[in-house]
Amino acid sequence: PSLSSPQPRPNVSEIPRYVAGKPPTVRPGLTSYKLSSNENPYPPLPGVLEAAQAAVAQMNRYPDMGATALYDALAERFEVPAEHLSLATGSVGLIYQLVQAFCDPGDEVVFAWRSFEAYPIAVTAAAATSVRVPVLPDGRHDLDAMAAAITDRTKVVLVCTPNNPTGPAVTQAELDAFLAKVPPHVLVVVDEAYVEFVRMDDAVDGIATYAQHDNVVLTRTFSKAYGLAGFRVGYAVAPADIAGALRAVSLPFGVSTVAQAAAIASLAAEDLLVERVEALVGERARFRDGLLEAGWAIPEAQGNFVWFDLGDRAADFAAAADAVGVTVRPFAGEGVRVSIGETEANDRILTLAREFPH
Ligand code: PMP
């Protein structure tokens with residue numbers, strides 16, 4: 001490095017790059033679809049566009065930094081004290097803040113891999129160290145191995161349920177057994193970005209779990225089921241001291257006026273939201289069943305996406321999907337994640353999957 005120019009910390013050059021899902025390729029005469037970012041295919045919920053538009057008129061003013069109305073709406077909806085909540089610029093903002101608030105340089109953060117790609121980015125950005133524990137062959141977290149990976153340097157464990165991109169969710173019994181092994185000073189982050197899509201009898205009850213543990217924090221988002229990915233709103237549910245630490249390191253005014261208004265309006269449209277989530281869950285079952293019938297081994301899918309374990313053929317599959325007007329998310333050398341979207345888009349992938357060698 002040159003001594004004559006400012007240099008970022010050495011870790012900064014080591015930060016892996018976030019690969020965003022590709023936008024759809026425009027092809028004349030063919031409607032294209034984007035199934036590459038686990039977005040919600042539905043238009044805004046009733047009242048959300050109007051609330052957002054009204055908030056736009058306030059653009060010369062800073063947002064309510066206390067976000068009082070949104071905190072109150074969340075507290076009422078989930079029956080938790082408002083001081084147990086912390087908002088952020090998407091739930092990815094919470095992941096950054098948690099690592100920043102709890103890790104000194106060199107401290108370890110344990111997470112499953114493959115999982116959400118922002119984890120190692122947030123960890124490296126904070127000069128902490130990523131400890132990746134391979135997922136089991138069926139895409140589930142290996143919680144025994146994750147507990148065994150905890151050392152004196154471990155400050156945070158990230159549990160992604162359902163796991164992006166492989167799909168399975170952790171059960172309450174698995175989480176309880178894991179928490180019993182985690183030392184009380186280690187923070188356990190349960191990333192519930194896709195919690196609304198989980199359909200299991202023995203699913204984790206995040207709110208009940210955080211309420212029983214001093215070291216558990218839930219992270220959730222308005223980006224997926226609520227369909228507000230473009231507005232960037234996430235929230236943590238945590239014991240008051242942890243929520244307070246998150247608020248302390250949060251970016252001032254990090255959740256815009258428009259985002260706050262839209263989030264409040266979408267909480268008020270819960271009935272239709274539930275209906276839409278139910279339709280996506282149904283579509284997920286139809287899509288995955290079709291793939292199983294066609295002979296694919298698809299892991300259990302508890303989010304709004306399915307995982308194709310394609311190894312080296314991930315790029316070929318993604319190119320073939322693109323050729324039929326659908327962008328999906330390839331993970332080089334590993335597999336392809338396909339979001340549950342419009343029926344027509346899912347059908348195109350089903351047709352392709354029947355023909356693609358597997
Ligand atoms: N956690 C997981 C597991 C995710 O897949 C995502 C989005 N891809 C996020 C968190 C972050 O979402 P957002 O920042 O939009 O809330």
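Tutor: We will go through these features in that order, keeping in mind that the model is predicted.

Student: Which residues of helix H3 are buried?

Tutor: The general idea comes first: an α-helix has 3.6 residues a turn, so residues three or four places apart point the same way. In helix H3, which spans residues 68-78, the buried residues are Leu70, Tyr71 and Leu74. Because these residues cover an arc of only 100° around the axis, they lie on the same side of H3.

Student: What do the buried residues of H3 pack against, and which exposed residues does the face turned away from them carry?

Tutor: The buried residues of H3 pack against strand E2 (85-88), strand E8 (234-237) and helix H10 (257-268), whereas the face turned away from the buried side carries the exposed residues Thr68 and Glu76. After H3 comes glutamate 79, whose phi is positive, near 50°.

Student: Into which domains is the protein divided, and how many residues does each give to the contact?

Tutor: Domain 1 comprises 21-38 + 271-355, and domain 2 comprises 48-268; their centres, taken over C-alpha atoms, are separated by 25 Å. The contact takes 17 residues from domain 1 and 20 residues from domain 2. On the side of domain 1 that touches domain 2, helix H11 (270-293) and strand E9 (305-308) are the elements that give two or more residues, with H11 providing the largest share, four residues. That side of domain 1 has 10 nonpolar, four polar and three charged residues.

Student: Why does valine 131 count as partly exposed?

Tutor: The reasoning rests on a count of neighbours, since a residue is buried only with 20 or more other C-beta atoms within 10 Å and exposed with 12 or fewer. Valine 131 has 18 C-beta neighbours inside 10 Å and therefore counts as partly exposed.

Student: Where is valine 131 found, and with which residues is it in contact, leaving aside its neighbours within four places in sequence?

Tutor: Valine 131 is found in strand E4 (residues 129-134), and, with those sequence neighbours left aside, it is in contact with Glu108, Val109, Val110 and Ala149. Valine 131 and methionine 146 are 15 residues apart in sequence and 9.0 Å apart in space, C-alpha to C-alpha.

Methods:
Residues are numbered from 1 along each chain as its sequence is written. This is a predicted model: local features need pLDDT of at least 70, side-chain atom pairs count only at pLDDT 80 or more; totals for chains, interfaces and linings use all residues. The arc is that of the directions from the helix axis to the C-beta atoms. Two residues are in contact if their C-beta atoms, placed from the backbone, lie within 7 Å. Domain bounds come from an automatic or database domain assignment. Ala, Val, Leu, Ile, Met, Phe, Trp, Tyr, Cys and Pro count as nonpolar, Asp, Glu, Lys and Arg as charged, and the others, Gly among them, as polar.
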